[in-house]
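Reader: Before I rely on any label attached to this chain, I would like each one traced back to the value behind it. Could you take me through them?

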Amino acid sequence: MNERYRDICERLGWRVMDDGDGNIELEKYSPAGEDFSFTVSEESFVENVKEYAAHFDQEEHIEMWVEARRSGTRGVPSIKELAKDAEDIDAMLKELAEALFAAELEVEGV
């Protein structure tokens, strides 16, 4: 993984883990305390992060946690807090994607 991209991720509070098989896992706690993570291919890393951020579905994320609570998972916040947190996660992802894209443009000299 490009060190410049790693530095950007870490500066924005993301933990970067390389699995050694060409995948990168990015992890960060959301404002509500969710240990949020996602994995993308190292190949075309910036494009993959942009894609993930563009397709993050807030409603689907909320539904996942509501279902988890129904299944007995403890500590799941209220729906109102889940909605705010999903919004915050979406913003975290967009911030990351934009910062990486800006760095990619600098590298390419655009």
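Author: Among the contacts in the chain that join residues at least 6 apart in sequence, 49% link residues at least 24 apart. Please keep in mind throughout that this is a predicted model.

Reader: What secondary structure does the chain have, and in which order do the elements run?

Author: The chain comes to four helices and three strands, and from the N terminus on the order is α-β-β-β-α-α-α. Along the principal axes, its C-alpha atoms fill a box of roughly 50 × 30 × 20 Å, and 35% of the 110 residues count as buried.

Reader: Why is Arg6 called buried?

Author: The cut-off for buried is under 20% relative accessible area, and Arg6 has 18% relative accessibility, so Arg6 counts as buried. Arg6 has its place in helix α1, and, leaving aside residues up to four places away in sequence, Arg6 touches Met1, Val16 and Asp18.

Reader: Which residues of α1 are buried, and what puts them on the same side of the helix?

Author: In helix α1, which spans residues 3-11, the buried residues are Tyr5, Arg6, Ile8 and Cys9. They cover an arc of only 160° around the axis, and therefore they lie on the same side of α1.

Reader: What is found at the start of α1, and what just after it?

Author: At the start of α1, a side-chain oxygen of Asn2 comes to within 2.6 Å of the backbone nitrogen of Arg4. Just after α1, Gly13 adopts a positive phi of about 90°.

Reader: How do you know that Ser30 is buried, and where in the chain is its place?

Author: Ser30 is placed in the loop between β2 (23-29) and β3 (35-41). Its relative accessibility is 6%, and because buried means under 20%, Ser30 counts as buried.

Reader: What makes the pairing of Ser30 with Asp85 a polar contact?

Author: A polar contact requires a pair of N or O atoms within 3.5 Å, one able to donate a hydrogen and the other to accept it; the side chains of Ser30 and Asp85 make such a contact at 2.7 Å. Not counting residues up to four places away in sequence, Ser30 touches Asp85, Ile89 and Met92.

Reader: How many positive and negative side chains does the chain have, and how far apart do the centres of the two sets lie?

Author: There are 12 positive and 29 negative side chains, and the centres of the two sets are 7 Å apart. The accessible surface of the chain comes to about 6,700 Å², with 47% belonging to carbon and sulfur atoms.

Notes
Residues numbered from 1 in each chain as written. Predicted model: local features only at pLDDT ≥ 70, side-chain atom pairs only at ≥ 80, totals over all residues. Heavy atoms only, no water. Buried < 20%, exposed > 50% of the residue type's maximum accessible area, 1.4 Å probe, protein only. Helix = DSSP H or I, 4+ residues; strand = E, 2+ residues; numbered from the N terminus. Arc of directions from axis to C-beta. Contact = heavy atoms within 4.5 Å. Areas by Shrake-Rupley, 256 points an atom, 1.4 Å probe, with all protein chains shown as cover. Lys, Arg positive; Asp, Glu negative; His and termini not counted. Charge placed at Lys NZ, Arg CZ, Asp CG, Glu CD.
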